[in-house]
Structures are given as structure tokens and as C-alpha cells.
Amino acid sequence: MSKQISAIRGMNDIHGLHSNAFSTILLGAEQVLMQYGYQQVRLPIVEKTELFARSIGEVTDIVEKEMYTFADRNGDSLSLRPEGTAGCVRAMIENGLLHNQVQKVFYSGPMFRHERPQKGRYRQFHQFGVEVFGLAGPDIDIELILLSARLWDTLGLDNLELQINSLGSQQARVQYREQLVSYLSQFKDQLDEDSQRRLHTNPLRVLDTKNPAMAEIVAGAPKLIDALDAESKQHFDLVCSALDRLGIEYVINPNLVRGLDYYNRTVFEWVTTELGAQGTVCAGGRYDGLVEQIGGKATPAVGFAMGIERLMALLVDQQKITETPNADLFIVLAGESTLQPGLVMAEMLREALPGKAVVMNCGGGSFKSQFKKADKSGASYALILGDDEVQQQVVTIKSLRQEAEQQTIPWDQLIEFFNNHSKHN
């Protein structure tokens with residue numbers, strides 16, 4: 001026997017209940033986005049490495065340590081996308097979609113980061129991303145938060161907390177960064193290894209540490225929200241007052257800085273305490289400088305991404321998702337002459353009842369074993385076709401979920417029978 005080949009660590013198969021949850025999230029998100037007038041875009045999984053180095057930042061953990069990067073046959077450095085925003089911005093610029101236009105788009109698909117796998121963090125993971133280009137005001141920031149809140153309602157998810165902050169303008173951040181480095185340098189020997197490395201490369205990330213030993217140091221750090229420029233403060237105040245008016249509960253988290261260099265002004269996360277350390281299920285914010293940074297004309301932009309695997313785990317843990325039956329109708333074949341009539345009957349039912357899943361028994365088996373398969377399929381009815389039924393051109397219908405007598409009806413009355421049944425259920 002050949003040696004079994006296993007999946008790559010951190011790259012998981014999704015099946016059963018989790019696969020149902022995955023589909024439910026995508027379907028729900030697409031429906032909500034279309035309600036708000038957003039358009040779907042489809043983007044490549046592989047991009048030039050330079051795109052991520054320029055957008056995410058060369059000294060970030062993602063670019064330094066986590067990207068799957070390789071040289072193609074021409075020697076060009078390419079990377080599997082570690083996130084979706086950079087590729088979306090590249091696509092908007094390259095296709096001329098930003099000049100004097102507003103774009104509201106969404107996309108979904110796999111992303112890749114070589115991190116240490118744990119619950120809620122995988123090397124191949126899936127995101128649903130939403131991006132808006134060409135709008136600078138707080139109104140669109142608010143719309144994105146409302147839109148995400150509506151999705152949680154659509155999915156029936158509980159216990160999600162909205163955290164928000166403002167990172168101010170790029171200039172305000174530069175000034176704040178100097179204050180922060182000065183403060184953290186006093187505790188240099190007490191910082192953990194990651195924070196010491198970030199102290200001069202990406203000091204705002206130190207505020208985002210999950211290391212409890214550094215909690216006191218972080219708590220005493222100067223607050224970015226106190227260093228905001230006047231325009232950013234007004235922008236943030238308008239976001240907060242609108243959320244108050246709309247009844248969206250939130251917490252201002254002064255240590256919420258997001259992991260990527262390109263964010264400015266409004267940032268937000270939806271978090272839960274039910275998934276352990278990986279509690280952020282949706283995160284985003286404004287990134288007004290990124291389009292220009294990647295080579296386009298200056299264009300305001302804002303967006304967010306949701307982690308499908310984490311939402312999937314929440315849906316399952318909160319029992320908001322159930323097994324979907326494989327079939328509505330199951331055709332049992334009990335006789336040598338039944339195969340071809342059974343195939344014809346199954347196709348006729350699928351054609352006339354497109355909303356019904358019709359499964360015909362394949363692979364033979366006894367009458368008893370076929371009924372076991374019918375029951376396991378979740379079907380409401382078994383349609384029994386034996387040699388006598390074929391000769392008389394009738395079929396016997398047995399309810400699998402309710403107490404009811406078996407009925408035998410002519411083939412040409414089958415569609416009418418199930419149409420009438422649908423009206424009364």
C-alpha cells in the first residue's frame with residue numbers, strides 16, 4: 001500500500017456542518033452587501049511580492065516572516081496573497097476604476113500566512129472583504145459598521161462586541177510614534193522579544209500585544225486618541241455620535257491599532273470571548289494613503305475583512321447551524337427492471353421540482369439497506385419502484401418523517417402530488 005499523503009499543516013479540509021456554516025456565511029454576506037448596493041469583484045490569489053512589501057510594509061511580521069513567496073519560471077518574485085486589500089487596490093488602479101468614481105466592492109477567497117496554527121488561526125484561511133473607494137467622510141465608515149452589524153443579525157450570532165478607535169492622520173501618527181517610542185524605551189528590558197523588535201520598526205504594534213506580562217506597561221502608554229489632529233477628532237466624534245443615534249453599542253479601545261501600516265483614522269474590530277486568543281472575527285478601517293502608495297492617484301478608501309473560519313466556529317459553537325438534508329425525495333429501486341424507469345423518474349422530478357433535491361439509490365442493495373440510506377439522507381419521502389410498479393406505471397410513496405399511510409399513484413400524477421404537498425407544508 002502506498003504511503004498516505006496528508007494535508008499541509010495549517011491548511012484544512014472543510015466538510016460536514018462546518019461546510020454548511022461556510023456556505024451560510026458567504027450567502028448571508030453576499031445578500032447583505034447587495035442590499036447596500038455593493039458589487040462583487042474576483043481577484044487573483046497570486047500577486048507580485050512587491051505589492052505586499054509596498055502596501056503592508058516591509059518591516060511587518062507578515063512580509064518579513066509569514067508570506068508564501070517563490071520565484072516563478074521567469075525568476076519573478078511572487079507571493080500567495082496574505083490579505084485581500086492590497087490586491088483589490090491594485091485591481092482598481094490597473095482597471096481605471098478610481099478616476100472620479102466611487103467604488104463599493106466585495107470579494108472572498110483563501111489567504112495564506114505561514115503562522116503557528118492554532119484554533120482560529122490557519123496557514124490557509126478564508127476572508128470576506130469589503131472595500132470602498134472615493135469617499136472620505138465618516139458616513140461611509142458608519143455604513144460599513146452598520147453593514148457588518150446587520151450581517152451578525154442575519155446569521156443570528158450573539159455576543160459580539162464592537163471596538164473602535166482612531167489612528168488620526170499620518171502626520172499625527174508620526175508625532176505620536178515619537179512619544180510612544182520615548183515612553184516604551186524606558187521599559188526596554190521588560191519588553192518581550194517581539195516588542196523589542198517592533199520598538200523601532202512598528203512601535204504601535206506593541207500596544208496590540210496579547211502578552212499579559214506587558215499589560216501594565218501598555219496601560220501606562222500615552223494614548224493615540226489624545227494625540228489626534230483636529231480634523232481626525234471631528235471625524236471620529238461624528239462616527240461615535242452616529243453609532244449612539246443608531247443604537248449600535250461600542251467600546252472605544254485606545255490600544256486598537258490594527259496590524260497593518262496603511263490604516264489611518266477610523267479603525268474597528270468585532271470581537272468575541274468565545275474563541276480563545278483569536279477573538280477578532282471582523283476588522284477594518286480607513287486607509288486613505290494606500291492607493292497613492294501603490295501607484296494610483298490619491299483616493300480615500302475604507303474597508304474591512306471577516307475571517308470565515310472564526311465565524312464558522314462561532315456559528316457551530318452557538319448552535320446556529322444544522323446539518324442540511326442531502327435529499328428531499330429518495331427513490332428506492334427494488335427489481336431488475338427498475339433502473340431505467342428510476343433514472344427517467346428522477347430526471348423528471350428534478351426538471352419539474354427544481355427546489356427539491358432528488359436522490360436515486362445507486363450501487364444496489366437490499367430493500368432494508370436502501371431504506372436505511374433513505375432515512376440517513378434526511379429525505380421526507382421514499383419513492384418505491386419495484387417490478388410490479390414499473391409494469392403498472394405507478395410508484396409507492398412512503399413518508400419518512402410523519403405518520404401517514406403509504407400511497408400508490410400513477411407516474412403522471414407525481415408532480416401534482418408533490419406540488420400539492422408543498423402548498424400544504
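This is a short tour of a predicted model, stop by stop, with something to select at each one.

Before you click, note that residues are numbered from 1 along each chain as its sequence is written, and that side-chain values use heavy atoms, with hydrogens and water left out. Since you are looking at a prediction, local features need pLDDT of at least 70 and side-chain atom pairs count only at pLDDT 80 or more, while totals for chains, interfaces and linings use all residues.

**Stop 1: two helices side by side**

Select residues 138-155, helix α5, and residues 230-246, helix α9. Helices here are DSSP runs of H or I with at least four residues, strands are runs of E with at least two, and both are numbered from the N terminus. The two helices pack at an angle of about 40 degrees, and their axes are 9 Å apart. Axes are lines fitted to C-alpha atoms, for helices over the stretch in contact, with angles from 0 to 180 degrees between N-to-C directions. That angle makes α5 oblique to α9 (under 35 degrees is roughly parallel, over 145 roughly antiparallel, 65 to 115 roughly perpendicular, and the rest oblique).

Which residues make the contact? On α5, pick P138, D141, I142, I145 and L146; on α9, pick H235, L238, V239, A242, L243 and L246. Contact means heavy atoms within 4.5 Å. By class, these residues are nine nonpolar, one polar and one charged. Here Ala, Val, Leu, Ile, Met, Phe, Trp, Tyr, Cys and Pro count as nonpolar, Asp, Glu, Lys and Arg as charged, and the others, Gly among them, as polar.

Now look at how they cross: α5 passes α9 in a right-handed crossing. A crossing is right-handed if the near helix is turned clockwise from the far one by less than a right angle, and left-handed if anticlockwise.

**Stop 2: another helix pair**

Move to α6 (residues 170-185) and α7 (residues 193-201). Their axes come within 10 Å and cross at roughly 145 degrees, and the crossing is left-handed. The touching residues are R177, V181, L184 and S185 from α6, with L199, H200 and T201 from α7. Sorted by class, that gives three nonpolar, three polar and one charged.

Stay on α6 and select Y183. Is Y183 buried or exposed? Y183 counts as buried, at 14% relative accessibility (buried is under 20% relative accessible area, exposed over 50%, partly exposed in between, with a 1.4 Å probe and protein chains only). Leaving aside neighbours within four places in sequence, Y183 is in contact with E216, I217, G220, A221 and P222.

**Stop 3: a covered helix**

Helix α11, residues 308-317, is mostly covered, with nine of its ten residues buried. Select I308, E309, R310, L311, M312, A313, L314, L315 and V316 to see the buried ones. They pack against α1 (16-35), β6 (124-133), α5, β10 (280-286) and β11 (301-307). Step just past α11 to Q319, which takes a positive phi of about 55 degrees.

**Stop 4**

Most residues other than glycine have a negative phi. N100, in the loop between α4 (85-94) and β5 (103-112), has a phi near 50 degrees. N100 is exposed, with a relative accessible area of 72%. Next try Q393, in the loop between α14 (387-392) and β15 (394-399): its phi is positive too, about 55 degrees. Q393 counts as partly exposed at 48% relative accessibility.

**Stop 5: a buried loop tyrosine**

Y262 sits in the loop between β8 (251-252) and β9 (264-271), and is buried at 2% relative accessible area. What does Y262 touch, beyond its neighbours within four places in sequence? Its contacts are S55, I56, E83, T85, Q170, R286, Y287 and L290. Check D288 as well: its C-alpha is 8.0 Å from that of Y262, 26 residues apart along the chain.

**Stop 6: two cysteines**

How many disulfides are there? The count is zero, taking a disulfide as a pair of cysteine sulfur atoms within 2.5 Å. C88 is buried at 0% relative accessibility, and C282 is buried at 1%.
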